[in-house]
Amino acid sequence: MESPSYRRVLLLTFVLYTSVAIGVVYWVGMRLRKDWVDTIEADLHGTEKQLLIVLEQQPELGLLQVDQFPTPSIRVAVLDERGETLAASPNVLVRDALGERPDVREAWRDGRGRFVRQADGDAPASIAISRRFTIIKPRPPELDSENAEPSTTDVDGLEERAAESRVLRVSTNLDNLDRHIVTLRWYIASAAGLLGVGIFWSFGSIAQAVLAPLPRLVRFARSLAEGNLDVTLDLETRQAEWTSLSNAFDQMRLLLGTREQTLRDYGHRLETTLASMAEGVIAVAGDGTVAFANAAAIRLLSITQTNPAGKRLYDLVRLPQLIEAYEQSVARVQSAKAEFETLGASRRVLSLRVDPIPGAPSPGSVLVLRDVTEIRQLETMRRDFVANVSHELKTPLSAIKAYAETLRMGAWDDLENRPRFVDEIETQAERLYSLILDLIQLARIESEDFTIVKEPVDLGEIIEEAIAPFLRVARSHQVELEVIHVDDGVHAYSDPDSLVTIIDNLVSNAIRYTKAGGQVTLRYGGDETNAWIEVADTGIGIAPEHQTRVFERFYRVDRARSRDVGGTGLGLSIVKHLSQALDGSIELSSKVGVGTRIRVVLPASKQ
């Protein structure tokens with residue numbers, strides 16, 4: 001017979017184990033409820049992040065996606081600063097009062113908002129999260145007061161934009177939680193009844209049922225931590241709590257796989273974008289190693305390694321200006337700029353901007369390189385052009401002024417020298433007039449409004465018309481001028497007036513730089529594809545170092561001789577621009593003391 005003390009101990013043990021069991025089951029239920037709420041909230045955050053990517057980059061497309069949001073268990077809405085609903089998923093039944101919800105007000109105040117509503121009558125429990133975000137809209141261009149033209153750039157050359165704040169609200173019901181809590185309580189009551197039959201047997205059975213799936217859960221969690229997202233969780237149990245936990249982990253696995261794929265796609269798009277940029281981009285980690293360098297940066301800096309990631313910047317680049325700008329940015333934690341010329345045979349002028357990556361401390365720097373060689377060359381050409389025009393205009397004007405002052409101060413009465421002074425004034429005026437005409441013609445050719453009307457042209461007729469005025473000029477210079485047609489019936493698809501201008505400039509240049517007794521020959525011919533005009537002379541010739549530059553404005557091989565023979569320095573530049581405008585090309589060959597040959601090749605007429 002059992003002693004009362006044993007019964008008391010057994011009763012106390014029964015009560016103790018029953019209390020512990022009830023407490024454990026209740027704790028597990030609460031823990032499961034919290035995990036479920038956290039999982040649901042994590043899902044809401046995931047939905048929020050995916051929508052924010054579209055809403056911030058493409059606002060109109062984002063609002064359309066919100067209006068057509070396909071998940072019935074999740075409600076989505078976008079509100080503006082006035083509390084009005086701009087877009088909402090079809091399952092949002094009440095739209096007007098969304099702006100007064102606690103989570104929305106908290107988001108407007110703090111940037112983020114969260115509100116969990118308990119079940120109240122017919123209203124189920126729910127959770128809602130809100131987040132304030134900003135979209136950038138282009139501002140209407142402002143008119144410049146002087147030029148009445150729209151000004152669309154700020155000080156950095158970027159388009160001015162306007163910011164607008166909005167709130168994204170994502171919510172869902174938690175009504176399933178209450179049903180699971182009821183189920184959990186039923187299990188507790190069943191466990192208490194089973195404990196009445198046999199506490200130790202019941203306790204052992206419950207402990208075995210509760211703890212058996214844990215090793216599988218641990219192995220599953222470790223597999224996820226190692227990046228194996230293909231593994232599935234099978235706890236081999238029918239308990240609702242563990243089934244719910246298994247489903248939650250499976251949802252987490254699927255969500256992690258989706259996010260990993262999203263990040264992989266985003267990284268691929270970013271890498272493709274950076275690879276296609278004309279600007280060079282280099283990301284440098286805080287320890288000075290290169291984390292990324294696109295193809296443009298490798299090309300601009302002549303980096304020999306195709307994959308410089310992991311190498312130190314100092315080992316890849318030996319340009320002092322770049323290293324100095326990088327070190328200055330790192331030391332001051334602010335942007336730094338530099339402009340320098342690269343080394344090697346193909347020298348380029350590069351503009352560099354170094355920006356620290358935001359963080360405390362900064363995790364690294366981003367270097368952006370831009371090739372400004374052509375811009376600097378254009379600036380140099382512009383300065384040279386202004387200087388040359390000023391000089392060329394000043395020379396004849398100075399001569400005219402000097403002769404006029406001489407005449408005014410008494411030379412007018414000098415009957416012997418007066419005609420010579422007047423002739424010089426007329427000569428310089430003619431030179432000034434020719435220079436201005438050539439400048440006007442060159443400006444017209446280079447302008448965007450310059451149009452050429454092409455038509456089938458008989459080269460023989462055009463050359464006969466253009467060469468006639470030069471026959472007398474050639475005789476006056478004691479130069480023999482000859483026209484030779486290599487092929488009969490040559491037709492070019494070109495503009496007649498432009499062809500006359502090309503021939504005038506080539507023939508006049510040839511006569512001007514050919515000494516007395518020399519010869520100038522104009523040949524022309526063609527085939528089914530091309531027609532060509534060639535002017536050759538036996539003049540002074542052009543040295544090899546000058547041949548690549550004779551087509552530049554105002555460039556003269558011998559400036560003193562050019563002024564003596566009356567050239568403006570614009571003829572060959574006009575010929576080059578007109579040839580290009582006619583879809584043709586120009587070729588030059590010359591030898592000092594032997595002569596020069598210039599050939600213009602044009603498209604042949606198909607008729």
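Good morning. I begin with serine 302, which is found in the loop between helix H8 (295–300) and helix H9 (313–316); helices here are DSSP runs of H or I with at least four residues, and strands are runs of E with at least two, numbered from the N terminus. The model is predicted, so local features need pLDDT of at least 70 and side-chain atom pairs count only at pLDDT 80 or more, while totals for chains, interfaces and linings use all residues. Residues are numbered from 1 along each chain as its sequence is written, and side-chain values use heavy atoms, with hydrogens and water left out.

Serine 302 has a phi near 55 degrees, a positive value in a residue other than glycine. Most residues other than glycine have a negative phi. With 55% relative accessibility, serine 302 counts as exposed (exposed means over 50% relative accessible area, buried under 20%, partly exposed in between, with a 1.4 Å probe and protein chains only).

Aspartate 583 lies in the loop between helix H17 (571–581) and strand S18 (585–591). Its phi is near 60 degrees, again positive in a residue other than glycine, and aspartate 583 is exposed, at a relative accessible area of 55%.

I turn now to helix H7. Helix H7 covers residues 240–276, 37 residues in all, and reaches 53 Å from its first C-alpha to its last, close to the 54 Å expected at 1.5 Å a residue; the expected span is 1.5 Å times one less than the number of residues. Among the buried residues of H7 are Trp242, Phe249, Asp250 and Arg253.

Thank you.
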